[in-house]
Amino acid sequence: MDPKVYELINDQINKELYSGYLYLTFADFYEAEGLKGFANWYMIQAQEERDHALIFRKYLLDSDCPVKMKAIDEPDKTFEAGDHMGPLEAALVHEKYVTSLINDIYAAAYDAHDFRTMNFLNWFVDEQLEEEANASEMISNMQLFGGDPKGLYDLDREYLARVYNVPSPLAAE
């Protein structure tokens with residue numbers, strides 16, 4: 001594997017684990033706010049991010065490349081009580097950042113003519129489209145309904161119904 005592609009993929013494992021940590025802090029925030037549905041949403045997001053790290057890890061191992069685990073940074077986001085929009089906006093910014101990281105790996109693979117890695121990354125390209133769309137929709141929902149106690153309650157109930165689904169690259173195992 002091209003050294004730059006390898007380095008970016010190995011770093012992405014760490015970035016995905018950081019994303020999981022970040023979303024756990026969002027879940028904790030919403031739990032403290034009494035919004036168990038929003039907490040559930042971000043607990044599932046945290047699990048998905050861990051799974052993304054495992055998918056990258058497996059790809060490196062299947063490619064006979066060593067995995068080098070690195071320290072995971074402490075999440076740097078905090079929110080004031082009652083700031084129900086803050087984590088949602090931070091999540092969209094973060095997902096756009098993750099999309100840029102995936103794009104960087106894809107560009108490096110393209111430059112190296114690493115078509116196998118490009119094919120592997122196609123799932124993540126699609127996943128990031130979904131992640132950004134979900135984050136945007138949550139912001140729109142909060143803008144539309146979050147200012148009304150009944151609307152916020154209904155949103156929270158909707159997000160409480162979300163269930164975890166194993167990502168298809170792991171489900172194939």
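A residue counts as buried when its relative accessible area is under 20%. Keep that cut-off in mind for histidine 94, which has 9% relative accessibility and so counts as buried. What you're looking at is a predicted model.

**Histidine 94**

- You'll find histidine 94 in helix 3.
- Setting aside neighbours within four places in sequence, histidine 94 is in contact with Tyr18, Ser19, Leu22 and Tyr23.

**Helix 2 with helix 3**

- These two helices pack at an angle of about 15°, and their axes are 13 Å apart.
- Angles under 35 degrees count as roughly parallel, and helix 2 and helix 3 are therefore roughly parallel to each other.
- Their crossing is left-handed.
- On the helix 2 side, the residues that meet helix 3 are Phe38, Tyr42, Gln45, Glu49 and Phe56.
- Helix 3 brings Pro87, Leu88, Ala91, Glu95, Ile102 and Ile105 to that meeting.
- Sorted by class, the contact of helix 2 with helix 3 has 8 nonpolar, 1 polar and 2 charged residues.

**Helix 4 with helix 5**

- Helix 4 covers residues 115–145 and helix 5 covers residues 149–160; they pack at about 150°, with axes 9 Å apart.
- That angle makes helix 4 roughly antiparallel to helix 5.
- The way helix 4 passes helix 5 is a right-handed crossing.
- Sorted by class, the contact of helix 4 with helix 5 has 6 nonpolar and 2 polar residues, with no charged ones.

**The nonpolar cores**

- The largest nonpolar core has 26 residues, and the ones touching the most other members are Phe26, Tyr30, Phe38, Tyr42, Leu88 and Met138.

**A closer look at leucine 88**

- Leucine 88 is one of the residues that touch the most other members of the largest core, and it also takes part in the meeting of helix 2 and helix 3.
- Not counting residues up to four places away in sequence, leucine 88 touches Tyr30, Phe38, Tyr42, Met138, Ile139 and Met142.

Technical notes
Residues are numbered from 1 along each chain as its sequence is written. This is a predicted model: local features need pLDDT of at least 70, side-chain atom pairs count only at pLDDT 80 or more; totals for chains, interfaces and linings use all residues. Side-chain values use heavy atoms; hydrogens and water are left out. Axes are lines fitted to C-alpha atoms, for helices over the stretch in contact, and angles run from 0 to 180 degrees between N-to-C directions. Helices (H or I, at least four residues) and strands (E, at least two) are DSSP runs, numbered from the N terminus. Angles under 35 degrees count as roughly parallel, over 145 as roughly antiparallel, 65 to 115 as roughly perpendicular and the rest as oblique. A crossing is left-handed if the near helix is turned anticlockwise from the far one by less than a right angle, and right-handed if clockwise. Ala, Val, Leu, Ile, Met, Phe, Trp, Tyr, Cys and Pro count as nonpolar, Asp, Glu, Lys and Arg as charged, and the others, Gly among them, as polar. A nonpolar core is a set of buried Ala, Val, Leu, Ile, Met, Phe, Trp, Tyr and Cys residues joined through side-chain atoms within 4.5 Å. Buried means under 20% relative accessible area, exposed over 50%, partly exposed in between (1.4 Å probe, protein chains only). Contact means heavy atoms within 4.5 Å.
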